[in-house]
Amino acid sequence: MSGHHNSQLRNPLILGDKTYHQISEDIAKPVEGKAGKLWWIAFCISATTALWGVGCMAYTIGTGIGAWGLNRTVDWAWDITNFVWWVGIGHAGTLISAVLLLLRQKWRMAVNRSAEAMTIFAVMMAAVFPFLHMGRIWLAYFVFPLPNQFGSLWVNFNSPLLWDVFAISTYFTVSLVFWYIGLIPDFAMIRDRAKVQANKVRETIYRVLSFGWSGRAKDWQRFEEVSLVLAGLATPLVFSVHSIVSMDFATSVVPGWHTTIFPPYFVAGAIFSGFAMVLTLLLVARKVLHLEEYITVQHVELMNIVIMLTGSIVGVAYITELFMAWYSGVEYEQYAFLNRATGPYWWSYASMMTCNVVSPQLMWFKKLRTNLAFTFFLSIIVNIGMWFERFVIIVTSIHRDFMPSAWSMFHPSFIDVGVFVGTIGIFMTFFLLFTRFFPVLAQAELKSIVKSVGSQYSDKSNKQHH
Amino acid sequence: MSKTKHYWKGIEEKENSPAFIKQKEKEFSDFIPVDEIFGKQSKNSSQTPRRDFLKFLGFSVTAATIAACEAPVQKTIPYVIKPEEITPGVANWYASSFFDGTDYCSVIVKTREGRPIKIEGNKLSKVTNGATNARVQASVLSLYDSARLKKPYKDKKESSWEIVDKDIKDKLAALAGSNGNIVILTSSVCSPSTKKAIADFTTKYPTVKHVTYDAVSYSGMLDANQQCFGTRVLPVYHFENADCIVSFGADFLTNWVAPIEHAVQYGKARKLDSRNKVAQHIQFETNLSVSGSNADFRYPTKVSELDAAIVCLYNALAKKEGSAALKCNPVEAKVMTGVEKTAERLWANRGKSLVVSGSNNAATQCIVNAINYKLANYGTTIDMNNASMVKQGSDADMAQLVKDMNSGSVAAVLMYNANPAYSYPTKDFENGLKKVKLSVSFSDKMDETSSLCNYICPDTHFLESWNDYNPQTGHYSLTQPTIRPLFNSRSAQESLLKWSGNDQDYHSYIKANWQAGMFGKQSMLVLFEDFWNRCLQDGVFIVESEIKPAEGVVAPAATMDIQAMATQVAKASEGKGKFELALYQKTGLGNGNHANNPWLQEFPDPITKIVWDNYVTMSPKDMDEMGLHTLLGQNEETNVVKLTANGFSVSLPAVPVPGQKEGTVGVALGYGRSKSIGKVAEVTNGANAFSFASFVNGNIQYAALNATLEKTEAVYQIATTQTSHTMMGREELVRESTLEEYIKNPKAGNEPEMVSVSEDIDPSKKLPSNKANLWEDHERNGNFWNMSIDLNSCIGCGACVIGCTSENNVPVVGKDEVQRVREMHWLRIDRYYSSDTTKENKELGVVARYAAMEKPSMADSLEVMFQPVMCQHCNHAPCETVCPVAATSHSSDGLNQMAYNRCIGTRYCANNCPYKVRRFNWFNYNNNDKFAAFNPAQQDEFSRMVLNPDVVVRSRGVMEKCSMCVQRIQAGVLEAKKQMRKIKDGDIQTACAQACPTNAITFGNSNDKTSDVAMLKEDPRQYNLLDSYDTQPSVFYLTKLRNKA
């Protein structure tokens, strides 16, 4: 060989010595081909669950919030738990696409598209709950500062729920635009392929979707600029949205909610659960859509490290909360945490602690964090744990607060479960449709990292020589 | 360059002819062919141009859409000729009197547009002094009960008054002719005109006998007074004059004899006055009653030992006096100690004490009389010279009647205000009734008795009828109708008059009576009409000349053999079983008269906080032994136990009550009513416990000493509004101290928590936690509405809860929803038990300690705390900041307001409310079939008339809460404005403050420094709930003081 030096440190991000064309082929395949049996089975299950959920939502709107298990004392439970859980899940997408873009983490390219799609769908699911939990959903427009004829009626800018309205809607809009901008060159690729394949319908659809992308250098330059600008905009949102969501609790007087640690603790928790959800989805997708060479063990390991890190932050936050409750010397605060750990909902606290604090520590072992089956299992555990975290914060704090005379228990109703499972169904339905009609990997970006490792060339040239 | 060039559009513009100028002003210079498009011609022509077609299409679609949006037509019928006294939107108030054979109350009735909607106490009455109780407050809803009979009935079929009148008259005449016995069976009658009507009826049919029977009998007391004093009446009690009150099983605050009067007097006796004096209250009892939970010392005592304890007390006092002791059954050592301590206290307060007993045993009551005589209480706390007429029933007469009925010697029974088929202890009455040829009931319901009768002649509700009452010697009052009878019913008195051949209506009859009798007893007014109108307006008429001075100790008759009495008492309390059963009446439902009233069914029992059920109350220790669930909560099911006593058994859920004496159980009367009395009774469970009662020594005893209890496999879910029973060591909730401590330091038990603050505020010292504040204060100009709640006066009776329900259209949600913790009461009364474990108990680990603190004390020294909690109207309100749409906001006069129209139901306010007083409309309670049976006041076409038109009925999805009766505040403010004056203290009363018999609640403007509430705000006992959170409530509390001296 010549004096060319190959890096020993860097592993290739895409395996299998892909050519540009191969990448196009691999990524366009699910869109152009027919859906497999597995896809149809998954779709049918998801769509049925989704319909069930929609039915439960309609029943709630039709009869009243009494259809749920809420009561005089516990006025929020599964509704807001689900809301925070879904918003949290959404965070991984933005983190991967925006923060990692700014940090020039190229490995993100194989996962950002589906992670962002997940963000969009998760935020949509999250948005269901603030609306659905309203007693009078038909007056939901009251939360927007609209000019009106009722006199001087205006929204209450002191209310964290109003901050939520702005935070979530901004977040959703930016995420959607960011995601869509990224999709444009890929849509254009499918359009161009359809033209060659003489598939008129597909060509028309993707022509519209691709906004007349021509692939000229100017297009690419603008694309890169917009992506950077949007990444810059989206990055603070990663931190602000969940901070504001956490203020729904932090600004209250309820012991167990009124905690200044909430914003960072919620953001860490959000990233923690978001990465877990990305792993859950991608581990399945790479198998079903045959993307093993794009989403590699290396990706999984890197995401597992993020989970381990954020999981540890969350664990520290839990312990800090306990310490602060004791240190505050406030009777109500102390009891809130004692009750969390040892009261009637001890099992939810125990589930939360096991799933969120203990289990991510297993990722210190390289063997475990590179084991796909284990990762899949753990990603689900983490999401269960994070759901419990929100449940613990919301329900165990308010079910026994200041006045013992008003203490009560919360029991979910059939409808509560239906609505939650239904949103998972809707989410999965959307995601499955996404895998069929959208390029699941950002192929245009991926093509920029095909030639990332020198050894590929030497291997290739070696082959040619022999 | 400065000017732009102007180009002419044509030669016309250049010439600028007048024709052109005229044309220029028109928007369309060309003629618009309107006629061609919309005219006849175009319609007839077969051609429709495309544009026209689209126009027509657009117009028709829009027109059809708009037409479809038409709102449903609701018909309202305005007054054609407006009645003089009715102004729509302005309430009329009428003075009246409530008496249902149990409770007497002088009331004023609020009517709107001719509908009675609210009942309040009449302050002019010297008997009830403006107080009410839960049952009186709720009685307005019973008026609109659609299960009331709408016609007279003959042989269970609807009939008409003509047929019924003719039949009954004929039969009565025939029976009287054949010398058949006719009996009028009534509950206590204290109406002079009713008595006269009965007398007239007796004149017409000479074989008539009047028997008086009370569902819950006081015959023993009456008989005792007959023996001791020669008159068969109850005395007038004066609890307010007592410094030491001792009760043996008498729940005198909510049920015994005349509870409303007693509650008022007790309120006075327990009010901390300038002398720093509070009456001491000692209670010996089996079940934990409302009276018992207010006592300073409470000695749980078995039923069988209650009477013996009275004899022991007699002996203890006799020893002090140096007179002879009586033969006495031994009592438990703990009770004996109590009796001795009580004797000390009574002896020290001779002439200022009062001993009462709930026993219906004449012998026991004789000894109670003897004790009170020894203590020289006659003339000060007991007024035997004047009589209370509200209880007159005779058990002996009733027993004789039942015997006669069964032997077939009674030909006719007419029943008024009595329901013995339900409340008589044995089935003998029902069997006897079948043998009676003519049975007539005046009941307005198809109840247990009336459904067995040949004829039902439905009586009118008291709000539809005329009547007069004489509840106490010298005190008279009138009942006047506030609405025309809703149904084809007729007052019982009028029926009696008719059948006696007097066609006069009852109104003229009473008037004539009063003209002949009452009018002459006064000399102020010369014309009878003036006198009559005055009496109607006041509702009461007091004949001072009839009221004898209370002074002068009445000695029991010398003939009374006190030793014999003691022997009889000893005998009566023999024959003990495994368990002893004490029957009791609930504060809400009483003897079951009002079982179809949903407000009372959903009224939380002051002690157990359970709604919609009766149950067996048990000592938790006994329950542990029997392996029954002792956790009373929303999730825990209760075990059903089979209770057998006196040859009768029922299966009821067992409920733990900490103050219950071990080895005893309690069951409430008034449940298990016939399903035919209405929809509410239909959905209520529970069993009739009257069958446990039995005759002992000729009087009905509401106890059984031979009860056995069996655990069954069945479990039952009860509904309760409070599932945690102790304060968990949070002493800042109900702050209390003892009278002794208070005298030493008026701030005893009320020291503010001190906190360290940041150096720039005050580096040197700590601040009270309610002074460390980050918020800006509201400006308080004008009125500042405040409410004070004196925890020392509150007896927990819950009259305020029903008053609030009635005033504010609070929905009833039913048992299932209460079980889901969704009751809607704007005002609740928290009941806490003391716990044996405190936070300071370091023997236990922290987890075990808190778990132990959740358990109420098992000791006899158990203490009970009541605390009414409604919206605290915080001036720094946590709810106000969190509402995204500003639906809850603060008023300039200190109220926390809810704008229902603006509320979208996020419920954040309720989560953030530290007092948990906000109530959410989970369903459309006023229009959801699920609630039709429970919530007639908002759903039933009749019952809806009870709604207060000043308060909106809330739709689903809206948060609601106490508004401090803002509608009343506004009405008061407007009234003052109209009169161009400032608001006077007392002008405005909230519904709860009005209903309170003990004046525990004081409402007013604290910016008016002379107002009561402003003075109370400066009281050293004043504190705010959760003071350390500094929400600055407009509602404040005064500490509770126990007289433990």
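**Exercise 1. How many residues of chain B are in contact with chain A, and which elements of chain B give two or more residues to that side?**

Step 1. Count the residues on each side. Chain B has 49 residues in contact with 43 residues of chain A. Contact means that the C-beta atoms of two residues, placed from the backbone, lie within 7 Å.

Step 2. Note the ground rules. This is a predicted model: local features need pLDDT of at least 70, side-chain atom pairs count only at pLDDT 80 or more, and totals for chains, interfaces and linings use all residues. Residues are numbered from 1 along each chain as its sequence is written, while chains are lettered from A and ligands numbered from 1 in the order in which they are written.

Step 3. List the elements. β34 (828-833), α28 (846-853), α29 (878-882), α30 (908-912) and β38 (919-920) of chain B each give two or more residues to the side that touches chain A. Helices (H or I, at least four residues) and strands (E, at least two) are DSSP runs, numbered from the N terminus.

Step 4. Find the top contributor. α30(B) provides the largest share of this side, four residues.

Step 5. Sort by class. The side of chain B that touches chain A holds 25 nonpolar, 14 polar and ten charged residues. Nonpolar covers Ala, Val, Leu, Ile, Met, Phe, Trp, Tyr, Cys and Pro; charged covers Asp, Glu, Lys and Arg; the others, Gly among them, are polar.

**Exercise 2. Into which domains is chain B divided?**

Step 1. Read off the bounds, which come from an automatic or database domain assignment. Chain B has domain 1 (11-68), domain 2 (153-217 + 393-476 + 487-518), domain 3 (219-388), domain 4 (575-720) and domain 5 (736-1042).

Step 2. Take a distance. The centres of domain 2 and domain 5 of chain B, over C-alpha atoms, are 47 Å apart.

**Exercise 3. What is the strand order in the open sheet of seven strands of chain B?**

Step 1. Give the order. It is β5-β4-β16-β15-β14-β6-β7 (chain B), with mixed pairing. Two strands pair if DSSP finds at least two bridges between them.

Step 2. Identify the edges. β5 (157-158) and β7 (208-212) of chain B each pair on one side only.

Step 3. Check one pair. β14 (residues 410-416) and β15 (residues 438-441) of chain B run parallel and share four bridges. Ala412(B) faces Leu438(B) of β15(B).

**Exercise 4. At what angle do α8 and α18 of chain B pack?**

Step 1. Two packed helices are described by the angle between their axes and the distance between the axes.

Step 2. Apply them. α8 (residues 192-204) and α18 (residues 492-499) of chain B pack at about 25°, with axes 9 Å apart. Axes are lines fitted to C-alpha atoms, for helices over the stretch in contact, and angles run from 0 to 180 degrees between N-to-C directions.

Step 3. Classify. α8(B) and α18(B) are therefore roughly parallel.

Step 4. Describe the contact. Its residues divide into six nonpolar, three polar and one charged.

**Exercise 5. How do α3 and α7 of chain A pack?**

Step 1. Get the geometry. α3 (residues 78-102) and α7 (residues 217-250) of chain A pack at about 150°, with axes 8 Å apart.

Step 2. Classify. α3(A) and α7(A) are therefore roughly antiparallel.

Step 3. Sort the contact. It has 13 nonpolar, six polar and no charged residues.

Conventions
Parallel < 35°, antiparallel > 145°, perpendicular 65-115°, else oblique.
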